[in-house]
Amino acid sequence: MIVDFDNIPNQGKVFVFPSSRKFYTHELTELNQHISSFLTESDLKNEGVTYAFDIRYQRFIIFAVDNTVQNLSTHFYNTLTQFIQDLEKKHNVVLLDKINVCYKQGEFVQYKELDEFKNLVKNRGVSKKTIVFNNLINTKEELEYDWEINITDSWLGRLLKK
């Protein structure tokens, strides 16, 4: 069952899928409908858990799951992965690569392959004040406090020291 994102407990499981490009406005409506249908019509509803989703910065698809009552099955992970792969094909984006870097440049979110980002650091295109996204977070609480972080607080901070 889909619930409001705020109704997922802080210890609920979170999955962040960064898009290799910003979604266009017309795609956002379609994405919202597609994700809602997936969560209500797929056999995930038999998992007995509640789900929420959000699309942030027109770039990040975020799923939250209240798994406090029961653990998520392998079937859940496989089904979610297949759905995300289908979205990648449909929208011609990359969503499953968590090694590439998303960061803020002013009010805009940028997505760079790691090698490109290293070059930005080398050429001083980013600084110690740059905000990066930690897409490897696991819980809703981490989404709130540890997702958008200063580069010096992330593993990318070590690139600044070279």
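Me: Which residues lie nearest the centre of the second largest pocket?

Reply: Lys98, Phe133, Asn134, Asn135 and Trp155 do, among 14 lining residues. Lining means having an atom within 4 Å of a pocket point; a pocket is an open set of 1 Å grid points where a 1.4 Å probe fits, with protein on both sides within 12 Å along at least five of seven lines. This is a predicted model, where local features need pLDDT of at least 70 and side-chain atom pairs 80 or more, while lining totals use all residues. Numbering starts from 1 along each chain, and side-chain values use heavy atoms, without hydrogens or water.

Me: What makes up the contact of α1 with α2?

Reply: Glu27, Glu30, Leu31, His34, Ile35 and Phe38 in α1 meet Thr79, Leu80, Phe83, Leu87, Lys90 and His91 in α2, contact being heavy atoms within 4.5 Å. By class, that gives 6 nonpolar, 3 polar and 3 charged residues. Asp, Glu, Lys and Arg count as charged.

Me: How does the lining of the second largest pocket divide?

Reply: Into 9 nonpolar, 4 polar and 1 charged.

Conventions
Helix = DSSP H or I, 4+ residues; strand = E, 2+ residues; numbered from the N terminus.
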